[in-house]
Amino acid sequence: KNSQQKVCEPVHPRALHCLAAGTAQSVSSALCHPLGCLRVRWQWRTNKVGLISFASNIVRSEGIWRGLWKPGLTANVCGMSGAAAIRLGYYETVRDSLSSIGTSNSANHRNTSSHPKTGVTMFMAGLVCGSVAFLATAPFHFLKT
């Protein structure tokens, strides 16, 4: 028998962009989450104490994990990483697709890198990707609060 190793196909660049953006935003969101949680709790406070005093009281009475990190962490990380994956992972594809609208299909325009990228197409690509990301991840941001 001829033993052949199955060769893995390369991963699509868009998948890598989505994975990289989502992972980076997950780490960032998880690390900075206590600050956001503290901000929200401080805005809803009933007593008028300073921010440092307020944070100290929370950590003393509830602990840093239960008081500042755990509340809303999963929803925040899911929402932020999903939004980043959509926004940054699909931006290039949407930008190049918008750039190719209105150009001919001649041989010199088949390569998407040859399409002119204007400020308008970049703005529109950002608007489209950001809007889709917002609509897709809004429920997570709602759950966070």
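Is His33 buried or exposed in this predicted model? His33 counts as buried, at 5% relative accessibility, where buried means under 20% relative accessible area, exposed means over 50% and partly exposed lies in between (1.4 Å probe, protein chains only).

The model is predicted, so that local features need pLDDT of at least 70 and side-chain atom pairs count only at pLDDT 80 or more, while totals for chains, interfaces and linings use all residues. Residues are numbered from 1 along each chain as its sequence is written, and side-chain values use heavy atoms, with hydrogens and water left out.

The protein chain contains 5 helices and 0 strands, in the order α-α-α-α-α along the sequence. Helices (H or I, at least four residues) and strands (E, at least two) are DSSP runs, numbered from the N terminus. Of the 145 residues of the chain, 23% count as buried. The accessible surface of the chain comes to about 10200 Å², and carbon and sulfur atoms hold 65% of this area; accessible areas come from the Shrake-Rupley method with a 1.4 Å probe, and for residues only the protein chains shown count as cover. Among contacts (heavy atoms within 4.5 Å) in the chain with a separation of 6 or more, 70% link residues 24 or more positions apart.

His33 belongs to helix α1, which spans residues 13-43. Beyond its neighbours within four places in sequence, His33 is in contact with Leu68, Trp69, Pro71, Gly72, Leu73 and Asn76.

Thr137 is buried, with a relative accessible area of 5%. A polar atom of the Thr137 side chain lies 2.7 Å from the backbone oxygen of Ala133. When residues up to four places away in sequence are not counted, Thr137 touches Gly79, Gly82 and Ala83.

Val120, in contrast, is exposed, with a relative accessible area of 59%. Together with Phe123, Met124 and Leu127, Val120 makes a nonpolar surface patch of about 400 Å². Patches are made of residues with over 30% relative accessible area and no salt bridge, like charges being joined within 9 Å and nonpolar side chains (Val, Leu, Ile, Met, Phe, Trp, Tyr) within 5 Å. A salt bridge is a side-chain nitrogen of Lys or Arg within 4 Å of a carboxyl oxygen of Asp or Glu.

Terms used:
Polar contact = N/O pair within 3.5 Å; in protein donor to acceptor, adjacent residues only side chain to side chain.
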